[in-house]
Amino acid sequence: MKDLSMEQLTQQYFDVLKELGNIGAGNATTALAQMIGCKVDMSVPKVRLLEFQELGEIVGGEDQIMVSIYLQVEGDIEGSMMFILSKSAAAHLVNKLMCGMLGIDETTAEEYTFGEMECSAIKEVGNIITGAYLNALSGLTNLKIYPSVPQLGIDMAGALLSVPAIEFGILGDNILLIQTKFSDDVDLDGYFILIPDMESYEKILTTLGVM
């Protein structure tokens, strides 16, 4: 399993991952819309299987200030997961959640300072999105998956990504990245990252019929 190369992963597997992304995004869209009473559009433009060291560059560079929701995954699958988006995207999203109350625009999003209310809103969004993707994965695999209490982080991407890298980097190189696009008047990219340990990775592949 450890020498499973990218080339050996079948198109069928990527089709299943894309389906996972679409179901997760659909679930999250519904839940977010119900929570805030405003329309939210989410789509899944890309699903990728990556080596961990590629991640920083893909989410916009290791020096970029990002906002992340990080949690452990337990049950039939063990590992960690993270939902990460740029600080400006997070500000736009919180503004959307509050139906424009914050008055954030293109010029103010990057410099916006998150208070307790905004952090709470971001954490709730992260809860909903990670929960939606975990439920989708659980539904596709019939595996029981339980998330831990999420942690909110606001820091450079390299620092945020070092947390799962330290905990799970030694267990497996490959991570699943689902890029999620929120669209309204502004296009925002968020990234859902699932890092299962090697044993869990085999379980996922086996239940999906790839191994």
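Let me start with Ser68, which sits in strand 2, residues 65–75. Keep in mind that this is a predicted model. Is Ser68 buried or exposed? Its relative accessibility is 2%, and buried means under 20%, so Ser68 counts as buried. Leaving aside residues up to four places away in sequence, Ser68 touches Met82, Phe83 and Ile84, then Gln151, Leu152 and Gly153, and also Leu160.

Now helix 3, residues 87–97. The buried set runs through Lys87, Ser88, Ala89, Ala90, Ala91, His92, Leu93, Val94 and Asn95, and includes Leu97.

Next, the pairing with helix 4, residues 116–141. In general, two packed helices are described by the angle between their axes and the distance between the axes. Here the axes of helix 3 and helix 4 come within 10 Å and cross at roughly 90 degrees. Therefore helix 3 is roughly perpendicular to helix 4. Which residues make the contact? From helix 3 they are Ala90, Leu93, Val94 and Leu97; from helix 4, Glu118, Ala121, Ile122 and Val125. By class, that contact has seven nonpolar residues, one charged and no polar. On spacing, an α-helix has 3.6 residues a turn, so residues three or four places apart point the same way.

Last, helix 4 itself. With 26 residues at 1.5 Å a residue, helix 4 should span 38 Å, and its end C-alpha atoms are 37 Å apart, which agrees. After helix 4 comes Asn142, with a positive phi near 60 degrees.

Methods: Residues numbered from 1 in each chain as written. Predicted model: local features only at pLDDT ≥ 70, side-chain atom pairs only at ≥ 80, totals over all residues. Heavy atoms only, no water. Buried < 20%, exposed > 50% of the residue type's maximum accessible area, 1.4 Å probe, protein only. Helix = DSSP H or I, 4+ residues; strand = E, 2+ residues; numbered from the N terminus. Axes fitted to C-alpha atoms, helices over the stretch in contact; angles between N-to-C directions. Parallel < 35°, antiparallel > 145°, perpendicular 65-115°, else oblique. Contact = heavy atoms within 4.5 Å. Nonpolar A, V, L, I, M, F, W, Y, C, P; charged D, E, K, R; others polar. Expected span 1.5 Å × (residues − 1).
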